[in-house]
Amino acid sequence: IRLVLERLSNNQEEYASLTQTIITLIENKKPLNVQQLVDLVKAKTSIPEPKIVEHIVRLQSQEKITLKELPTPVPQKLGLYLKTKEAYWYWITIILATTTGITVFTIPEEAYPLVYIRYVLGTIFVIWLPGYAFMKALYPTEPPSKTSAKRLDVMERLSLCVGMSLALVPLVGLLLNYTPWGIRLTPIILSLITLTAVFATAGIIREHQSQLKENT
């Protein structure tokens, strides 16, 4: 019984010592990944690598340490940034605007039930896309996460996007009224597509610049 108790005591001491070593190395050395942490622990102790890895995983499951993935570096060139997932909103905006224009010009009002696709895309195009692109150009970065304030910020963004769209569309119509093209369907659609594309492009450029500043 004494030998069993001694082994249990030694295991507990080894566990506590290894735990303290790992936590101290994380705080002082700030390893960039798990492998670097394992190498640092191996240099400090004589414990085999599989046991170190098992202990690190156990500590994470107990929420004593947190292993985070390194953020993907922001590409320096805008062309490369456009290929990242952060630029998905830009391509979705451009594709939606272009698809709406094609749908309006190719699907006649008498073509049921295809005309409902035109109505749905047209509604999104009029009350959402121009304002969304405009807000992206003004405020390219998202609000901070984790707090309940994000919900408020998201709702404010949604309201502002719809409000700006409802303000921009009549303004475009008013300006077209003083041009030779007048307030007709084709010039309105083309003007809104152009306006949305310009605002979205300005937004993605500002977003890329903001991301570069945050990572420098």
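This report describes the fold, confidence, helix packing and some local features of a predicted model.

## Basis of the model

The model is predicted, with local features requiring pLDDT of at least 70 and side-chain atom pairs counted only at pLDDT 80 or more, while totals for chains, interfaces and linings use all residues. Residues are numbered from 1 along each chain as its sequence is written, and side-chain values use heavy atoms, with hydrogens and water left out.

## Confidence

The protein chain has a mean pLDDT of 84, and 86% of its residues reach 70 or more; pLDDT is the predictor's confidence in each residue, from 0 to 100. Where pLDDT is low, the predicted coordinates should not be read in detail.

## Overall fold

The protein chain contains nine helices and zero strands, where helices (H or I, at least four residues) and strands (E, at least two) are DSSP runs numbered from the N terminus. Of its 216 residues, 31% count as buried, with buried meaning under 20% relative accessible area, exposed over 50% and partly exposed in between (1.4 Å probe, protein chains only). Among contacts between residues at least 6 apart in sequence, 64% join residues at least 24 apart.

Helix α7 (residues 129-138) is mostly covered, since nine of its 10 residues are buried; the buried residues include Tyr 132, Phe 134, Met 135 and Lys 136.

## Helix packing

Two packed helices are described by the angle between their axes and the distance between the axes. The axes are lines fitted to C-alpha atoms, for helices over the stretch in contact, and angles run from 0 to 180 degrees between N-to-C directions. The axes of α5 and helix α9 (residues 185-214) come within 9 Å and cross at roughly 175°, so that α5 and α9 are roughly antiparallel to each other; angles under 35 degrees count as roughly parallel, over 145 as roughly antiparallel, 65 to 115 as roughly perpendicular and the rest as oblique. Among the residues making this contact are Trp 89, Ala 97 and Phe 105 of α5 and Ile 189, Ala 200 and Glu 207 of α9. By class, the contact has 13 nonpolar, six polar and one charged residues, with Ala, Val, Leu, Ile, Met, Phe, Trp, Tyr, Cys and Pro counted as nonpolar, Asp, Glu, Lys and Arg as charged, and the others, Gly among them, as polar.

Helix α2 (residues 34-44) packs against α3 at an angle of about 120°, with the axes 10 Å apart, and the two helices are therefore oblique to each other. Their contact is made by residues including Leu 37, Val 38 and Val 41 of α2 and Ile 52, Val 53 and Ile 56 of α3. It has six nonpolar, one polar and two charged residues.

## Local features

Ile 65 is found in the loop between α3 (49-61) and α4 (78-81) and is buried, with a relative accessible area of 7%. Not counting residues up to four places away in sequence, Ile 65 touches Ile 22, Ile 23, Ile 26, Ile 56, Leu 59 and Gln 60. Ile 65 and Ile 22 are 43 residues apart in sequence and 9.0 Å apart in space, C-alpha to C-alpha.

A cis peptide bond joins Tyr 112 and Pro 113, with omega about 0°, and Pro 113 lies in the loop between α5 and α6 (115-127).

Definitions and conventions
Contact = heavy atoms within 4.5 Å.
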